[in-house]
Amino acid sequence: MNQKENTIRAFIAVEIPQNIFPFLKKTCENFKSIIKKTNRISWVNIENIHITLKFLGDINIDAIDKIKEAIKITAKQISPFSLKLKEIGVFPSVRKPRVIWLGISENVKKLITLNEILEDNMEKIGFSKEEKQFKAHITMARVKEIKSYEEIANAINSVSAPESESFMCDKLILFQSTLKPTGAIYNKIIVEPLK
């Protein structure tokens, strides 16, 4: 087995439940309806939308047991809590948009605490802490090329995303990400309920 066959691309995330999908779909459609000239925007499949807590990149499959233990320890340190989605924005800026995102509007501090606990426990098993400050969000689209950043700014200002209904952050999931020409395919490897 060569090095490539012995590794998987992975990340740890909070899943968005299916009852939130109509809200996500409508928000995306409203945004798309305003953008006319802008092209090469790659929209994330609604079924794949999640809140990434830690991107691991390519990991050796031998590390999965240690990752599972770190996730289990993290899950025991925080109780389930509710979240809502609201507010549209872009990274890094409107003049150079790369990612179109939807923000979190409920229990943001608890989500940040969950991220910090996870980062601490993952560091103990050899994964470096993320240098950038954690920004609680979901990625809606990636901007590949734009013809008019004004249109994106207009779309952000015009699309008022009402709050989604509440959903529970009650488990941590280790996903395997397989990149395909048609988009990424995510498979759950570990599902650990919060205590």
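Aromatic pairs

Tutor: At 25% relative accessibility, Phe-91 counts as partly exposed, since buried means under 20% relative accessible area, exposed over 50% and partly exposed in between, with a 1.4 Å probe and protein chains only. The model is predicted, so local features need pLDDT of at least 70 and side-chain atom pairs count only at pLDDT 80 or more, whereas totals for chains, interfaces and linings use all residues. Residues are numbered from 1 along each chain as its sequence is written, and side-chain values use heavy atoms, with hydrogens and water left out.

The structure holds 5 aromatic pairs; rings of Phe, Tyr and Trp (its six-membered ring) pair if their centres lie within 6.5 Å, and planes under 30 degrees apart count as stacked, over 60 as edge-to-face and the rest as tilted. One of the pairs joins Phe-11 and Tyr-186 in an edge-to-face arrangement, 5.1 Å centre to centre with 80 degrees between the planes. This pair links distant parts of the chain, 175 residues apart: Phe-11 belongs to strand 1 (residues 7-15) and Tyr-186 to strand 10 (residues 183-193). Strands here are DSSP runs (E, at least two residues), numbered from the N terminus. Phe-11 counts as buried because its relative accessibility is 3%, while Tyr-186, at 24%, counts as partly exposed.

Phe-91 itself forms a tilted pair with Trp-101, 5.4 Å centre to centre and 35 degrees between the planes. Phe-91 lies in strand 5 and Trp-101 in strand 6, so the pair ties together parts that are 10 residues apart in sequence. Trp-101 has 6% relative accessibility and therefore counts as buried. Finally, Phe-11, Phe-175 and Tyr-186 form one aromatic cluster.

Key: Helix = DSSP H or I, 4+ residues; strand = E, 2+ residues; numbered from the N terminus.
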